[in-house]
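Visitor: I am new to reading structures. Please show me how to read the features of this one.

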Amino acid sequence: MINVTVWNEGVHEKLSNEVAGVYPAGIHGCIKNFLTSQDDIKVKTATLAQRKCGLSDEVLENTDVLIWWGHMAHDKVPDKLVEKIHKRVLAGMGLVVLHSGHHSKIFRALMGTTCNLRWRDGDRERIWTVNPAHPIAKGVPPHFSLDVEEMYGERFDIPEPDELVFLGWFAGGEVFRSGCCWQRGLGKIFYFQPGHESNPTFHNEYVQKIIINAVRWAAPVNPIKEPTPCPHKKISPEERYKERKAKQ
Ligand code: ZN
């Protein structure tokens with residue numbers, strides 16, 4: 001069983017009737033619903049408004065894959081929590097970052113770059129599967145369209161992905177690396193571009209399939225354990241000399 005926590009800042013849904021209309025149960029609720037239909041996935045949700053952002057130590061310790069949707073409240077996520085999530089990713093927890101999560105503290109910390117990109121309002125997008133052999137592309141057609149999705153364009157300031165699975169093309173002619181994989185420490189990270197709050201993107205069957213596949217791909221292979229400290233003792237050169245002499 002893969003334990004998934006879907007984190008959503010959950011602000012747009014409260015501020016806009018339009019967004020609440022598209023996602024009556026919140027973006028996290030929609031993602032939870034389609035993940036729950038899978039027998040091997042167990043889902044919890046967490047939001048910014050909850051105590052500790054819904055991500056207590058206990059919740060994190062019981063999360064194999066964390067899904068992240070954020071946009072206007074990235075700064076409200078405490079640095080201490082971001083450090084904990086970062087450490088857990090390095091120890092093996094999977095992370096799936098969606099859409100505007102490209103500017104979240106956790107994604108930027110893991111990438112080490114600005115993660116800036118070009119953007120403009122909604123346009124028709126076609127997603128191309130550029131690596132059909134990748135586990136995240138399982139059951140996804142060679143291409144599919146989203147009638148309206150916010151345009152994200154290159155250059156996307158990210159480190160070269162370990163694997164590129166999807167490429168986005170917009171009717172305005174822009175292209176974007178829409179589905180990228182990295183490994184940091186023992187943790188697998190997948191970034192997926194579609195998912196603007198006022199578009200019904202998370203209701204699309206292929207978007208759902210991609211997120212389900214990404215959860216299975218990012219799930220840790222072995223139990224997540226805190227890394228053991230570096231075995232080298234901190235000793236002075238004099239002590240090291242004495243130790244070496246004693247062994248001779
Ligand atoms: Zn957006």
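Visitor: Which residues line the largest pocket?

Guide: Asp-57, Leu-60, Glu-61, Glu-83, Lys-84, Lys-87, Arg-88, Ala-91, Ile-224, Lys-225 and Glu-226 line the largest pocket. A pocket is an open set of points on a 1 Å grid over the protein atoms alone, with protein on both sides within 12 Å along at least five of seven lines; lining residues have an atom within 4 Å of a point. This is a predicted model: local features need pLDDT of at least 70, side-chain atom pairs count only at pLDDT 80 or more, and totals for chains, interfaces and linings use all residues. Residues are numbered from 1 along each chain as its sequence is written, and side-chain values use heavy atoms, with hydrogens and water left out.

Visitor: Which helix supplies the largest share of that lining?

Guide: Helices are DSSP runs (H or I, at least four residues), and strands are too (E, at least two), numbered from the N terminus. Helix 5 gives the largest share of the pocket lining, five residues. Helix 4 (57–61) and helix 5 (79–91) each supply at least two.

Visitor: Which protein donors hold the zinc ion?

Guide: Donors are N, O and S atoms within 2.8 Å of the metal (3.2 Å for Na, K and Ca); water is not among the atoms, so sites may look incomplete. Here the protein donors are His-99 (NE2), Glu-150 (OE) and His-196 (ND1), lying 2.0 to 2.1 Å from the zinc ion. Their spacing in sequence is H-x50-E-x45-H. His-99 and His-196 link distant parts of the chain, 97 residues apart. His-99 sits in the loop between strand 4 (94–98) and helix 6 (105–111), and His-196 in the loop between strand 9 (187–192) and helix 7 (205–218).

Visitor: Is His-196 buried or exposed?

Guide: Buried means under 20% relative accessible area, exposed over 50%, partly exposed in between (1.4 Å probe, protein chains only). His-196 has a relative accessible area of 10%, so this residue is buried. His-99 is at 0%, so His-99 counts as buried too.

Visitor: How many residues of helix 7 are buried?

Guide: Ten of its 14 residues are buried, so helix 7 is mostly covered. Among them are Val-207, Ile-211 and Trp-217.

Visitor: What span should the 14 residues of helix 7 have?

Guide: The expected span is 1.5 Å times one less than the number of residues. For helix 7 that should be 20 Å, and its end C-alpha atoms are 20 Å apart, which agrees.

Notes:
1 Å grid on protein atoms, 1.4 Å probe; cavity = no way out; pocket = protein on both sides within 12 Å on 5 of 7 lines; lining within 4 Å.
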